[in-house]
Amino acid sequence: MTRTALSFLVDRKTTCPHAERQAERAGPALAQAEELCRARRVRLTAIRREVLETLYATHKPLGAYEIAERLGTSGRRLAPITVYRALDFLTEQGLAHRLASQNAYIGSFHRDSAPDTVAFLICEACGGVDEASAADLSETVAALLSREGFAPRTKLLEIVGCCAHCR
Ligand SMILES: [Zn+2]
Ligand SMILES: [Zn+2]
């Protein structure tokens, strides 16, 4: 898949502000991901890139099987293990996030190696996911973690509900 092909893949059928914004930022985000992998000297292999493109092509979280189906050609579905391996790489590099509440993945638009607390606002109506962060949220969570002596691997909060434009 080339970058030009990506714009046609973007999910425009369900037009909501999430879908429109995704279409705008998918291309730049992919270019940024390539740069980041070069800088870190890790390989964005063809399959890893294709999985990332698939995630960026929609504003909705995708399960591994859905990704395998979208990437399969002529009725042949990709082996889910192949997709899972690519997803492991992408989440390790911070290029994708796994949303535990949805058992699904989204492409990340955050680029920090040690990100502050991020709240994912997941809309059940349109499927849109917003990443929100705030300095005082991060400070509060950091204080709570230190009080509990807890070492976080990720600091992702998932809030499920209905977004502003769907309400
Ligand atoms: Zn939406
Ligand atoms: Zn919505």
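A residue is called buried when its relative accessible area is under 20%, exposed when it is over 50%, and partly exposed in between, as found with a 1.4 Å probe on protein chains only.

The views show a predicted model, in which local features need a pLDDT of at least 70 and side-chain atom pairs count only at pLDDT 80 or more, while totals for chains, interfaces and linings use all residues. Residues are numbered from 1 along each chain as its sequence is written, chains are lettered from A and ligands numbered from 1 in the order in which they are written, and side-chain values use heavy atoms, with hydrogens and water left out.

**View 1**
Helices (H or I, at least four residues) and strands (E, at least two) are DSSP runs, numbered from the N terminus, and along the sequence they follow the pattern α-α-α-α-α-β-β-β-β-α-β. The protein has 167 residues, of which 40% count as buried. If contact is taken as heavy atoms within 4.5 Å, then 59% of the contacts between residues at least 6 apart in sequence join residues that are at least 24 apart. The average pLDDT, the predictor's confidence in each residue from 0 to 100, is 87 for the protein, and 87% of the residues score at least 70. Over residues 1–8 the pLDDT stays under 50, and the model has 17 contacts beyond four places in sequence for this stretch.

**View 1. The zinc ion (ligand 1) is held by Cys16, His18, Cys126 and His165.**
Donors are N, O and S atoms within 2.8 Å of the metal (3.2 Å for Na, K and Ca), and sites may look incomplete because water is not among the atoms. Here the protein donors are Cys16 (SG), His18 (ND1), Cys126 (SG) and His165 (NE2), which lie 2.0 to 2.5 Å from the zinc ion (ligand 1). Four donors count as tetrahedral if all angles lie between 85 and 135 degrees, and this site is tetrahedral, with angles of 100 to 121° among its four donor atoms. Along the chain the donors follow the spacing C-x1-H-x107-C-x38-H. Cysteine 16 sits in the loop between α1 (3–9) and α2, whereas cysteine 126 sits in the loop between β3 (118–123) and β4 (129–132), so the pair ties together parts that are 110 residues apart in sequence. Cysteine 16 and cysteine 126 are both buried.

Residues up to four places away in sequence aside, histidine 18 touches His59, Cys126, Gly128, Val129, Asp130, Cys163 and His165. From C-alpha to C-alpha, histidine 18 and aspartate 130 are 8.2 Å apart in space, although 112 residues separate them in sequence.

**View 2. Cysteine 126 bridges the zinc ion (ligand 2) and the zinc ion (ligand 1), which lie 3.7 Å apart.**
The protein donors of the zinc ion (ligand 2) are Cys123 (SG), Cys126 (SG), Cys163 (SG) and Cys166 (SG), at 2.3 to 2.4 Å from the metal. This site is also tetrahedral, with angles of 105 to 118° among its four donor atoms, and its donor residues are spaced C-x2-C-x36-C-x2-C in sequence. Cysteine 163 counts as buried because its relative accessibility is 11%, whereas cysteine 166, at 29%, is partly exposed.

**View 3. Ile67, Leu87 and Leu90 touch the most other members of the largest nonpolar core, which has 25 residues.**
A nonpolar core is a set of buried Ala, Val, Leu, Ile, Met, Phe, Trp, Tyr and Cys residues joined through side-chain atoms within 4.5 Å. The elements giving two or more residues to this core are α2, α3 (46–56), α4 (64–71) and α5 (80–92), and α2 provides the largest share, six residues. Leaving aside neighbours within four places in sequence, leucine 87 is in contact with Val51, Leu55, Ala64, Ile67 and Tyr105. A second, separate core has six residues, among them Ile106, Phe120, Ile122 and Val129.

**View 4. Strands β1 (residues 96–99) and β2 (residues 104–107) form a hairpin.**
Two strands pair if DSSP finds at least two bridges between them, and β1 and β2 pair in the antiparallel sense over four bridges. Histidine 97 has isoleucine 106 in β2 as its bridge partner. Four residues lie between the two strands, and asparagine 103 in the turn has a positive phi of about 45°.

Methods
Four donors count as tetrahedral if all angles lie between 85 and 135 degrees; four count as square planar and six as octahedral if opposite donors are over 155 degrees apart and all others between 65 and 115; anything else is irregular.
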